[in-house]
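Please read it alongside the sequence and the coordinates.

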Amino acid sequence: MGHIGHFTKRITFAMATATSVLYLAGCGSTPEPTSAPKIINTEPVAAPVEQHITPEHKLVEAKKVWLQTRDKVKRDTLLLDAVGLYLAQGDTILAQQILFEMKQDGVATSLQDSYAIHVAMAYQNDPSSSPAQLTAMLEDVKTSPALIAKLAALQADLFAKQGLWAKAANSVLSTELEDEQKVTQVWTFLNQIPADALTQSENEYPKLQPFFALRQLTIESARNSQQLNQSIAQYQQVYAGHMLAQHLPKEVALAQELTAPQIRELVVLLPLSGRLAATGEAVKDGIMAGYYQQLQRSSNPNSLPAIRFVDTTNADTQTMVAAIGDAKFIVGPLLKETVEQLIPALPPGVNMLALNRPDEMPTMLDSSASVNSEPLDPEAVNAESEMPSSAAPAVNYFALAPEDEANQLAEFIYSKGFRAPIVIAAQSNLYQRMNDAFKSRWNSLHEQEAQARKANITSVTFNDSESLREGITQALDVAQSNQRINQIEYMTNEEVYNMPRSRRDIDAIVAFASPQDTELLNPIIEASLNPYDGKQVPVYATSRSMDYNSGKNQWRDLQNVRFIDMPWMMPDHKWQQLAQETKQTWPDRSTLQNRLFAFGVDAYELLPQLGMLNALSYITFDGLTGTLTLNKNSEVERNLPQAVIRNERVQMLME
């Protein structure tokens, strides 16, 4: 638990000082004979004041008990009381020292459980301590009724620190918190549980079933505010005796107050002329597709908004504000600098879904793209904001940021247990941004687990096929293996029949490169890996490495590559009719334009759902561009499905 011996003297001194004071006070109670006259104090004597019990009092009492009775259990009980008081006043170092000395002296069997609880309390916030180890120490504790609530609160904190949200929530139910506080804490923990783990958690912890039922109810009714209110009213009748019936979570109560937005007029701000025209038109087509889908579903066509498209090319802020007019709902702008300029000038009461995040710099298209098509890649143009007040314009942000894909890839690979990846990145600005984002997120994940050793990443950067091949072979140690073979042949003057061997510590390879470069690097990787150890090193990529218009040769060269991409780009998605219609209308549309089209569809359909997504953080929107949620910064986050190239085809992965 750590050595803190320099505090021993402080405790001993405190005990010794308090004991000596007590001793002197006892000795002074015997009057000494004297002939001098006594001076009588005539001032009124103050009423005795109740003395505040301090840890030092408990230490003195423990020493006194030991000196008088030699009763170790009574003494250690008082020492544990002192530990509790030290912890209550935030002096964990002295609490830890007492516990350490008790361990050295041996803890009585009857106090083992109480001792374990106090140790866990003393070290629960110590950065050098493992929550998992502290939790394990408490597994066999059979505590008295007086300590049940304390143990439950302690376990809830330790479980939460390990991401064991259902266990943490279940422990909260046994704490001494008021019902409203319990609801708040349990609800916070349960909303961290991924959707695919809810059923298992509900089966394991039946006491949490009412909470799971409320969460599922809100998910099913989120798109219809009237249905949501009816469902919650029925829920409160069914669970009339439960704490949730009296204390709905604040997020749910807020969602109840929401009404479906009446969008009469929608202004869409896009670059529709000049060098960005193709980009803007692809997004516009998606927005119109979303509109026509809503028209087909609607029983009242008059309820649909009137849409006005505003060309932002060469338009200043005043021109855009004038174009917005009295409209209360806006989609766009697309460019970072345009978003930054427009937000301060927005009129009150406006609801805007910006297709950008101002904290990201705009990035020119990758050099492999067509010169005359999309000069600016909006997937690399992105934004950030704070939550607006009710009087200010309500601004949310939706972007197809490349960094987001790199972050998701880092989280997934780390969750699979890989710890020594090679990261291969082209030297263009776009792929270096993804490279930096991946490494930053990887190091953050490493630090969260308090790993003792530094995060292990091997980096390879390249600018052409030659530097790509050289970088991969060096990173895999194949070049050094060849050199060792040559040295042996030279020393023995005989041919060595051996194959170059790659490094065996590498467990994953991540590629941030264009589709053309990825087609080159994957065969190089396969040829460089040692085929004899039976170990397959998976290769991961993002959507930026996929071009669905390149033909079958691409899929052959990308054999076994795993990647993430929009659901819209995956086979067997649920928008097959829309896909057929767009294919007939735009048969020659590029992969990038298809992604921009999906971006436009989601932007249109997402706009009326933003209020609910803001209120209920666990609500998701299944869009063409991914599973969408809204974070605390009002930014839309995308979770992308995974696929692998096998037998020259894209196959979905369910892991």
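## The second largest pocket

In this predicted model, the second largest pocket has a volume of about 1,400 Å³. Its lining comprises 45 residues, and those lying nearest the centre are Ala260, Pro261, Leu607, Pro608 and Gln609.

Helix 14 (250–257), helix 15 (277–297), strand 4 (351–354), strand 5, helix 25 and helix 26 (610–615) each supply at least two residues. The greatest contribution to the lining of the second largest pocket comes from helix 26, with five residues.

## Nonpolar cores

The largest nonpolar core contains 77 residues, and the members with the most contacts inside it are Leu208, Phe211, Leu355, Phe398, Trp568 and Leu606. Helix 25 (residues 591–606) is the main contributor to this core, providing nine residues. Another core, of 51 residues, lies apart from it and has Ala426, Leu468, Phe563 and Ile564 among its members.

Which residues surround Phe211, once its neighbours within four places in sequence are left aside? Phe211 is in contact with Leu173, Val183, Val186, Trp187, Leu190 and Tyr235, and also with His242, Met243 and Leu244.

Five strands form an open sheet in the order 2-1-3-4-5, with parallel pairing. Strand 2 (306–311) and strand 5 (394–397) are the edge strands, each pairing on one side only. From one strand to the next, the twist averages 20°.

Within this arrangement, strand 1 (residues 265–270) and strand 3 (residues 329–331) run parallel and are joined by three bridges. Val268 stands opposite Val331 in strand 3. The loop between strand 3 and helix 17 (336–342) holds Pro333, and the peptide bond from Gly332 to Pro333 is cis, with omega near 0°.

## Strand 14 and its partners

Strand 14 (residues 642–646) is largely enclosed by the rest of the structure, because four of its five residues are buried. It pairs with strand 10 (residues 561–564) in the antiparallel sense, over three bridges. In that pairing, Ile564 stands opposite Gln642 in strand 14. Ile564 is also a member of the core of 51 residues.

Strand 14 also pairs with strand 15 (residues 649–653), again in the antiparallel sense, over five bridges. Here Arg646 stands opposite Arg649 in strand 15. The two strands form a hairpin with two residues between them.

## Positive phi angles in two loops

Asn647 occupies the loop between strand 14 and strand 15. Its phi is near 55°, a positive value in a residue other than glycine. With a relative accessible area of 63%, Asn647 is exposed, since the threshold for that class is over 50%.

Ser634 is found in the loop between strand 12 (626–630) and strand 13 (636–639). Although not a glycine, Ser634 has a positive phi of about 65°. Is Ser634 buried or exposed? Its relative accessible area is 0%, and Ser634 is therefore buried.

## Thr135 in helix 6

Thr135 has its place in helix 6 (residues 131–137). The relative accessibility of Thr135 is 12%, so this residue counts as buried, the cut-off being under 20%. Residues up to four places away in sequence not counted, Thr135 touches Leu158, Phe159 and Gln162.

Technical notes. Residues are numbered from 1 along each chain as its sequence is written. This is a predicted model: local features need pLDDT of at least 70, side-chain atom pairs count only at pLDDT 80 or more; totals for chains, interfaces and linings use all residues. Side-chain values use heavy atoms; hydrogens and water are left out. A nonpolar core is a set of buried Ala, Val, Leu, Ile, Met, Phe, Trp, Tyr and Cys residues joined through side-chain atoms within 4.5 Å. Buried means under 20% relative accessible area, exposed over 50%, partly exposed in between (1.4 Å probe, protein chains only). Contact means heavy atoms within 4.5 Å. Two strands pair if DSSP finds at least two bridges between them. Axes are lines fitted to C-alpha atoms, for helices over the stretch in contact, and angles run from 0 to 180 degrees between N-to-C directions. On a 1 Å grid over the protein atoms alone, a cavity is a set of points where a 1.4 Å probe fits but cannot get out, and a pocket is an open set with protein on both sides within 12 Å along at least five of seven lines; lining residues have an atom within 4 Å of a point. Grid points are joined across faces, edges and corners, and a volume is the space filled by probe spheres set on the points.
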